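The exercises below concern how parts of one protein chain meet. Work through each task with the structure open, then read the solution.

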Amino acid sequence: MKKSKPEKYILIIDFGSQVTQLIARRLRELKVYCEIMPFQKITKKEFKSNNPAGIILSGGPSSVISNYHPKLSFNILKRGIPVLGICYGQQLMTSMMDGEVSSNSNSSEFGKALISKTNESPIIKGFFKNKKEQVWMSHGDIVSKLPEGFKIIASSKISPNAIIADDLKLLYGVQFHPEVFHTTNGKKIFENFVNISGADKNWTMSSYARKSIDSIKSEVKNEKVICALSGGVDSAVTAILIHKAISKNLTCIYVDHGLMRENETNEIKKMFKESFDIKLVVVNASKIFFKKLKGVKNPERKRKIIGNLFIKIFEREAKKIGNVKFLAQGTLYPDVIESVSFSGGPSVTIKSHHNVGGLPKKMDLKLIEPLRQLFKDEVRNLGKELGISKDFINRHPFPGPGLSIRCLGVVSEKKIKILRKVDNIFVSQIKKYNLYDKIWQAFATILPVKTVGVMGDNRTYENVCCLRAVTSIDGMTAETYKFDHDFLMETATKIVNEVKGINRVTYDLTTKPPGTIEWE
Ligand code: XMP
């Protein structure tokens, strides 16, 4: 554990849940400093010098009933520190305190559930706004016998012990996940736990920035760093953080893969050279990208090809600069959990984000990813803290593989040109009607089908495009943006009139889940 934390912080012990970072995020929202540590790293020695004010045991994919399951090397429950166990954390707490956990055909509960109060406890202060509160469950086992001293605070149909507490020992367990959005008042549980633990509530984004800058300084020392610049917010914030830490030893490299949006490359050059005094190398690599993508239809192959090419180009540029030891990337937490299993547990790969899953196994450069624990909106706040302009900060996210994953099926320069024009018209319309900041992401895709149309008494046989606009907090879930019908009509007409090669415009109504935001 690092020494730079405040006196009274919260320690989150990770047992491999996909949503452990959401616990950290909820605590940050309450202005509480927290650290996440994998369960294997928790030792008695560390506790002697780093006593946390409170401990949260995360959920996880394992079962405490199985022979092998993640355990702690010593009993942290007997140190008088308040502990909150979530899902697997609750079950582990129960088994450590000699209660019982069991599994049968009726003990699984997935998705939304309703719980009702059976007893009072400080952990539920203000949580029950209704007789039954909505929570989000995801478990196969349940606590079937309470440890001595515990009482039931709330129950669901399937989990009699949905919330349990030993108020004297300050031990609390919840079967559901208060950290996820679908647990309506989940934040209250954390707020109460923070109050019970007495943790300091003075954490801010500027303290996060300071800590990041310090840790980059101590990791990088006098070595050289290259930063992969995509033109998006994430890599820009990464670059500025690193620039503040090591200034002259940073070179930003921007690879123009020919799959960028209209005028994007020029805007990036202008911004990085004029607004920030940062060394910037622009590599025009569109030829090689189109060559390698030729004939490739499969989305995962596209992503891997682009990811691998990016890294090769960075490595080549790094060699030119000489003696580069680090590669900085703007990888965010949602990129990590959807690409690889963060904890080593059995999570599923949804998409290989080019900055994570697409990395070749053998890399010559060490990675620095200072945003790896943050969500998009937190990165935006961090960017503001670092003095990046509001316009830049509020740009819609753009994926590393660029327009290639919006050009469905085979990618060609011709189709990308068409797509770029459509995208530009759509986004310009959105800006014209002051909708840009209300939307998380708006873009166009070009579909691998042609349809028949009629223009000026002539038959056309051209491409179909689809417009997509969604609202979201963090990109993990998304709602379709409800445009006014006239707006859509005006935009569609403009596209068909102004973009040669498109004769039909559609609008995507799918939410995430079940869809993802990007089409590939
Ligand atoms: P999905 O399509 O997974 O997208 O719902 C969630 C968010 O992530 C962005 N995205 C990416 N960003 N590299 C990135 O840097 C990628 O490979 C990538 N793929 C998707 C997407 O635009 C959305 O904001």
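The model is predicted. The chain is divided into domain 1 (10–197), domain 2 (205–393) and domain 3 (406–507).

**Exercise 1.** Describe the extent of the interface of domain 2 and domain 3.

Solution.
1. Start with the placement of the two domains: the centres of domain 2 and domain 3, taken over C-alpha atoms, are 28 Å apart.
2. Next, list the residues in contact, with heavy atoms within 4.5 Å as the cut-off. Domain 2 gives 17 residues and domain 3 gives 16.
3. Then take the area. About 1,400 Å² is buried between domain 2 and domain 3, and 61% of it lies on carbon and sulfur atoms.
4. Finally, find the residues of domain 2 that lose the most area to domain 3: Glu262, Phe290 and Lys302, which together account for 32% of what that side buries.

**Exercise 2.** Determine how many salt bridges and how many polar residue pairs cross the interface of domain 2 and domain 3.

Solution.
1. Apply the salt-bridge rule, with its limit of 4 Å from a Lys or Arg side-chain nitrogen to an Asp or Glu carboxyl oxygen. The count across the interface of domain 2 and domain 3 is zero.
2. Apply the polar-contact rule, counting pairs with both residues at pLDDT 80 or more. Four residue pairs are found across the interface.

**Exercise 3.** Characterise the side of domain 2 that touches domain 3 by element and residue class.

Solution.
1. The elements that give two or more residues to this side are helix H10 (333–339) and helix H11 (376–385).
2. H11 supplies the largest share, three residues.
3. By class, the residues of this side are seven nonpolar, two polar and eight charged.

Conventions: Residues are numbered from 1 along each chain as its sequence is written. This is a predicted model: local features need pLDDT of at least 70, side-chain atom pairs count only at pLDDT 80 or more; totals for chains, interfaces and linings use all residues. Side-chain values use heavy atoms; hydrogens and water are left out. Domain bounds come from an automatic or database domain assignment. Buried area is the accessible area (1.4 Å probe) that two parts lose on being put together, summed over both. A polar contact is a pair of N or O atoms within 3.5 Å; within protein, one must be able to donate a hydrogen and the other to accept it, and residues adjacent in sequence count only if both atoms are side-chain atoms. Helices (H or I, at least four residues) and strands (E, at least two) are DSSP runs, numbered from the N terminus. Ala, Val, Leu, Ile, Met, Phe, Trp, Tyr, Cys and Pro count as nonpolar, Asp, Glu, Lys and Arg as charged, and the others, Gly among them, as polar.
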